Amino acid sequence: MAARAISVFAISTASPTGYTKQGSSSFLSFPRNFKSDCSLFGQNLLIQSSNLCSVLPKKQTCSAVTVLYSLPTAKPDREVVENTPKWSARGIKSFAMSELEARKLKYPKTGTEALLMGILVEGTSNAAKFLRANGITLFKVRDETIALLGKSDMYYFSPEHPPLTEQAQRALDWAVDEKLKSGEPGEITASHLLLGIWSEKEGAGHKIMATLGFDDEKAKELAKSANEDVTFSSS
């Protein structure tokens, strides 16, 4: 669900039942004799959790193995293309935060408004800084979202990963397509995601941005620096 990075967590436990809780912050150290045919940050990395757990010490249980590769797409054929750019770490985190925002508001799906909030919750990307510099804050977006879409039933509980609306999915695919069209090296950033949200004219995200003062001129300004987002080191 994210961009060609790997997040592997293990939990050390002496529990006789073998039960392991999720969410440990312990980092997995591979044994010296563990061999892999590809780099941890390789493009085609695939690790089966059952095989990975077999190389752990007896008292160490594997709780979760997450391979972050690419965000959801409605164009699966594109995923096999070698030169498909990867999403930046901030872009990935923005998407993860958007799901959380959808759940906070108890919405059944992750829409463009949630993607917008996710960018602001992540907060460190150029896109988030650009929004704040133009007076668009998380609290304003949240208030406008409720005003536009209303509140969910207090007894309703969102799915753990609210599925994307069609507009939100198109926004993600737009970001990838625009990156490919540009021919520029580097990653797909949160700025590309924000511009993808803006491209969905009928989406709640676009309407909220417009209400808060975002326009095509600001979109053009942001597009000039869309490839300049800071990336995290894999070392």
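**Exercise 1.** Is Arg-170 buried, partly exposed or exposed?

*Solution.* Keep in mind that this is a predicted model.
- Start with the number: the relative accessible area of Arg-170 is 40%.
- Buried means under 20% and exposed means over 50%, with partly exposed in between.
- So Arg-170 is partly exposed, at 40%.

**Exercise 2.** Which parts of the chain does the salt bridge between Arg-170 and Glu-200 tie together?

*Solution.* 
- First, the contact itself: the two side chains, Arg-170 and Glu-200, meet with 3.0 Å from N to O.
- Glu-200 counts as buried, with 12% relative accessibility.

**Exercise 3.** Where do Glu-187 and Lys-86 lie, and how many residues apart are they?

*Solution.* 
- The side chains of Glu-187 and Lys-86 form a salt bridge, 3.6 Å from N to O.
- Glu-187 is in the loop between helix H6 (166-182) and helix H7 (190-199).
- Lys-86 is in the loop between strand E2 (60-68) and helix H2 (89-104).
- That puts them 101 residues apart, so this pair links distant parts of the chain.
- Glu-187 is buried at 15% relative accessible area, and Lys-86 is partly exposed at 33%.

**Exercise 4.** How many helices and strands does the protein have?

*Solution.* Count along the pattern β-α-β-α-α-α-α-α-α-α-α: you get nine helices and two strands.

Definitions and conventions:
Residues are numbered from 1 along each chain as its sequence is written. This is a predicted model: local features need pLDDT of at least 70, side-chain atom pairs count only at pLDDT 80 or more; totals for chains, interfaces and linings use all residues. Side-chain values use heavy atoms; hydrogens and water are left out. Helices (H or I, at least four residues) and strands (E, at least two) are DSSP runs, numbered from the N terminus. A salt bridge is a side-chain nitrogen of Lys or Arg within 4 Å of a carboxyl oxygen of Asp or Glu. Buried means under 20% relative accessible area, exposed over 50%, partly exposed in between (1.4 Å probe, protein chains only).
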